[in-house]
Amino acid sequence: MKMKFVLTLADAKRVAAAAAQEAQRNGWSVVIAIVDDAGLPIYLERLDGVQPASCDIAQAKARSAALFKRPTKSLEETVAGGRVALLSLPHITPVEGGLPLIHEGQVVGAIGVSGVQSFEDGMVAKAGADALAAGI
């Protein structure tokens, strides 16, 4: 047997709070989705004024980052590099803004952000992921 860490609701809220703080600091309206390691939703925060489609997109980015255990930006780069067969895989969202959440080397979940340009979504997601890594 192997010990497995689990992302709690309290953890998810801390990650989302750090991400929301980054978004608000920049004046960005985004949706922040936190999922467990199976890509299932734990917490979703929708800031005022964000487009409705961002709710689904943020969750899809988080799910991809959790299930593939890598940033969605790396999936985007792979597709952009010509590996378009990746697009046929289930649960793939190859757009920057999704990051795995890692605790002691284990992927415990992921954060997905949508609402502004993809690289800005990535900045917001990084603030959330960094908060978990720092134990904030």
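Is Lys69 buried or exposed?

1. Lys69 is exposed, at a relative accessible area of 59%. This residue of the predicted model sits in the loop between α2 and α3 (72-80). Its phi is near 55°, a positive value in a residue other than glycine. Most residues other than glycine have a negative phi, so the backbone here deserves a look.

2. His91 also has a positive phi, near 65°, and is likewise not a glycine. His91 belongs to the loop between α3 and β3 (98-103). With a relative accessible area of 46%, His91 counts as partly exposed, because the exposed class begins over 50%.

3. Ser54 is part of helix α2, which covers residues 53-68. The residue is buried, its relative accessible area being 0%. Apart from neighbours within four places in sequence, Ser54 is in contact with Val31, Ser114 and Gly115.

4. Ser114 falls in strand β4, residues 106-114. Ser114 is buried, with a relative accessible area of 4%; the cut-off for that term is under 20%. Once neighbours within four places in sequence are set aside, its contacts include Val30, Val31, Val50, Ile57 and Ala58. Lys61 and Asp121 are also among them, as is Ser54.

5. The side chains of Ser54 and Ser114 are joined by a polar contact of 3.1 Å.

Definitions and conventions. Residues numbered from 1 in each chain as written. Predicted model: local features only at pLDDT ≥ 70, side-chain atom pairs only at ≥ 80, totals over all residues. Heavy atoms only, no water. Helix = DSSP H or I, 4+ residues; strand = E, 2+ residues; numbered from the N terminus. Buried < 20%, exposed > 50% of the residue type's maximum accessible area, 1.4 Å probe, protein only. Contact = heavy atoms within 4.5 Å. Polar contact = N/O pair within 3.5 Å; in protein donor to acceptor, adjacent residues only side chain to side chain.
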